[in-house]
Amino acid sequence: MWANNAWKFRSKHTIGLFVFALLLFADNGLSFYFFVFHDVLTGWITDPTLVPPIAQYAMLSVRVLELCGLLFLTWVTWD
């Protein structure tokens with residue numbers, strides 16, 4: 001959608017939104033991979049003796065807020 005609008009209107013604002021969303025999606029996807037599927041990092045993060053539960057909740061909260069922001073940006077742009 002953003003790429004199509006950027007190609008059609010040649011607007012810096014649209015290209016900026018597209019790049020911003022692309023980078024945030026890449027950030028969330030990479031973080032999801034490392035936090036869930038990477039054995040070493042997952043073991044380190046979920047070990048309460050190494051990373052306190054409050055830090056675990058903080059990392060999760062940041063990722064959830066980023067995802068909500070991306071979904072909102074997509075919804076606003078799509079409308």
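Arg63 has a relative accessible area of 24% and is therefore partly exposed (buried is under 20%, exposed over 50%, partly exposed in between, with a 1.4 Å probe and protein chains only). This is a predicted model, in which local features need pLDDT of at least 70, side-chain atom pairs count only at pLDDT 80 or more, and totals for chains, interfaces and linings use all residues. Residues are numbered from 1 along each chain as its sequence is written, and side-chain values use heavy atoms, with hydrogens and water left out.

**Salt bridges**

- The count comes to 2 salt bridges (a side-chain nitrogen of Lys or Arg within 4 Å of a carboxyl oxygen of Asp or Glu).
- Arg63 and Asp27 meet through their side chains in a salt bridge, 2.8 Å from N to O.
- That pair links distant parts of the chain, with Arg63 in helix H4 and Asp27 in helix H2, 36 residues apart (helices are DSSP runs of H or I, at least four residues, numbered from the N terminus).
- Asp27 has a relative accessible area of 27%, so Asp27 is partly exposed.
- Arg63 also forms a salt bridge with Glu66, where the closest N and O atoms are 3.1 Å apart.
- Both Glu66 and Arg63 lie in helix H4, 3 residues apart, about one turn of the helix.
- Glu66 is partly exposed, because its relative accessible area is 23%.
- Shared partners join Asp27, Arg63 and Glu66 into one network of salt bridges.

**Helix H2**

- Helix H2 covers residues 12-36, and its 25 residues should span 36 Å at 1.5 Å a residue (the expected span is 1.5 Å times one less than the number of residues).
- The end C-alpha atoms of H2 are 36 Å apart, which agrees.
- The buried residues of H2 are Thr14, Ala21, Leu24, Asn28 and Ser31.

**Aromatic pairs**

- The structure holds 4 aromatic pairs (rings of Phe, Tyr and Trp, the last by its six-membered ring, with centres within 6.5 Å; planes under 30 degrees apart are stacked, over 60 edge-to-face, the rest tilted).
- Phe32 and Phe37 pair edge-to-face, at 5.8 Å centre to centre and 80° between the planes.
- Phe37 counts as exposed because its relative accessibility is 53%.
- Phe72 and Trp75 form a tilted pair, with 5.8 Å between centres and 40° between the planes.
- Phe72 and Trp75 are 3 residues apart in helix H4 (residues 53-78), so about one helical turn separates them.
- Both Phe72 and Trp75 are exposed.
- One aromatic cluster is formed by Phe32, Tyr33, Phe34 and Phe37.

Key. Helix = DSSP H or I, 4+ residues; strand = E, 2+ residues; numbered from the N terminus.
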